[in-house]
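Please look over this model with my notes beside it.

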Amino acid sequence: MKNIRAKRETSREYLMKLMYQTYISNGDITDLENEMEEFLQNNKEYIVSRYKELVLTYSDKDVDFEGLSLEKCVDRVYLNEMCDILRFKIDYINELIENNAKNWSINRFSKIDLAILQIAIAEMLSDLNIPEKVSINQAIDLAKIYCEEKTPKFINGILGSVVNEIKER
């Protein structure tokens, strides 16, 4: 179970990094699946290292990393589902963000903040049975690592409101 958690968190984190890279280079995240494999291969060493770090964080016993491959470190089902949702529902996701970010437009967000919000909302809209609370907490954790000091609270507030809006629809 802990390895599954580490695998999902690693996948989420590197999806965010791919989205950020894509925003910076060409701005179009609707074609992430075509960039995914090259991105994963180019970052294999870092992905495996991050996965190991997370497994050790969640494990209370010795862990054998012998024969660890990229495929054991990332959740392809998760990544494929997220890419599909981001491709087909990005306008709806951005609408949810703008509706719930008081006096902020999408253009004002840093690209990393935007990627974190989009992933969390895509998870909420997915068929992966990820509890909303988990999506929110994971987004906050990513924001604590990669964003400015006040961003985790900002992301928490937006996502809390988004959950309510999704439930109302």
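1. F154 is partly exposed, at 27% relative accessibility. The model is predicted, so this value, which lies between the 20% and 50% limits for that class, is a computed one.

2. F109 is the ring partner to check here. The ring centres of F109 and F154 are 5.7 Å apart. Their planes meet at 35°, so the pair is tilted. F109 itself is buried, with 4% relative accessibility. F109 sits in the loop between α5 (76–100) and α6, whereas F154 belongs to helix α8 (residues 151–168). The pair therefore ties together parts that lie 45 residues apart in sequence.

3. Which ring pair joins F109 to W104, stacked or tilted? The centres of W104 and F109 lie 5.5 Å apart, and the planes are at 50°, so this pair is tilted. W104 counts as partly exposed, at 31% relative accessibility. Ring pairs link W104, F109 and F154 into a cluster. Over the whole structure, a search finds four aromatic pairs.

4. Two charges over rings deserve a look. The charged end of R108 sits over the ring of W104, at 4.0 Å from the ring centre. K111 lies over the face of Y23, and the distance to that ring centre is 5.4 Å.

5. Now E123. Its place is in helix α6 (residues 111–125). Is E123 buried or exposed? E123 is buried, because its relative accessible area is 2%, under the 20% limit. What does its side chain meet there? Leaving aside neighbours within four places in sequence, the contacts of E123 are R12, Y78, M82, I130 and S135.

6. Y146 is in helix α7 (residues 132–146). Y146 is partly exposed, with a relative accessible area of 29%. The side chain of Y146 makes a polar contact of 2.3 Å with the side chain of E13. Please inspect that pair in the model. Not counting residues up to four places away in sequence, Y146 touches E13, M16, K17 and I112. K167 is another matter: Y146 and K167 are 21 residues apart in sequence, and their C-alpha atoms are 29 Å apart in space.

7. Last, the core. The largest nonpolar core has 59 residues. Which of its residues touch the most other members? They are L15 and L159. The elements giving two or more residues to this core are α1 (2–25), α2 (32–42), α3 (44–58), α4 (70–73), α5, α6, α7 and α8. The largest share comes from α6, with eleven residues.

8. Not counting residues up to four places away in sequence, L15 touches L32, M36, Y78, L79, M82 and I119. Y78 and M82 are also among the contacts of E123.

Definitions and conventions
Residues are numbered from 1 along each chain as its sequence is written. This is a predicted model: local features need pLDDT of at least 70, side-chain atom pairs count only at pLDDT 80 or more; totals for chains, interfaces and linings use all residues. Side-chain values use heavy atoms; hydrogens and water are left out. Helices (H or I, at least four residues) and strands (E, at least two) are DSSP runs, numbered from the N terminus. Buried means under 20% relative accessible area, exposed over 50%, partly exposed in between (1.4 Å probe, protein chains only). Contact means heavy atoms within 4.5 Å. Rings of Phe, Tyr and Trp (its six-membered ring) pair if their centres lie within 6.5 Å; planes under 30 degrees apart count as stacked, over 60 as edge-to-face and the rest as tilted. A charge sits over a ring if NZ of Lys or CZ of Arg is within 6 Å of the ring centre and within 35 degrees of the ring normal. A polar contact is a pair of N or O atoms within 3.5 Å; within protein, one must be able to donate a hydrogen and the other to accept it, and residues adjacent in sequence count only if both atoms are side-chain atoms. A nonpolar core is a set of buried Ala, Val, Leu, Ile, Met, Phe, Trp, Tyr and Cys residues joined through side-chain atoms within 4.5 Å.
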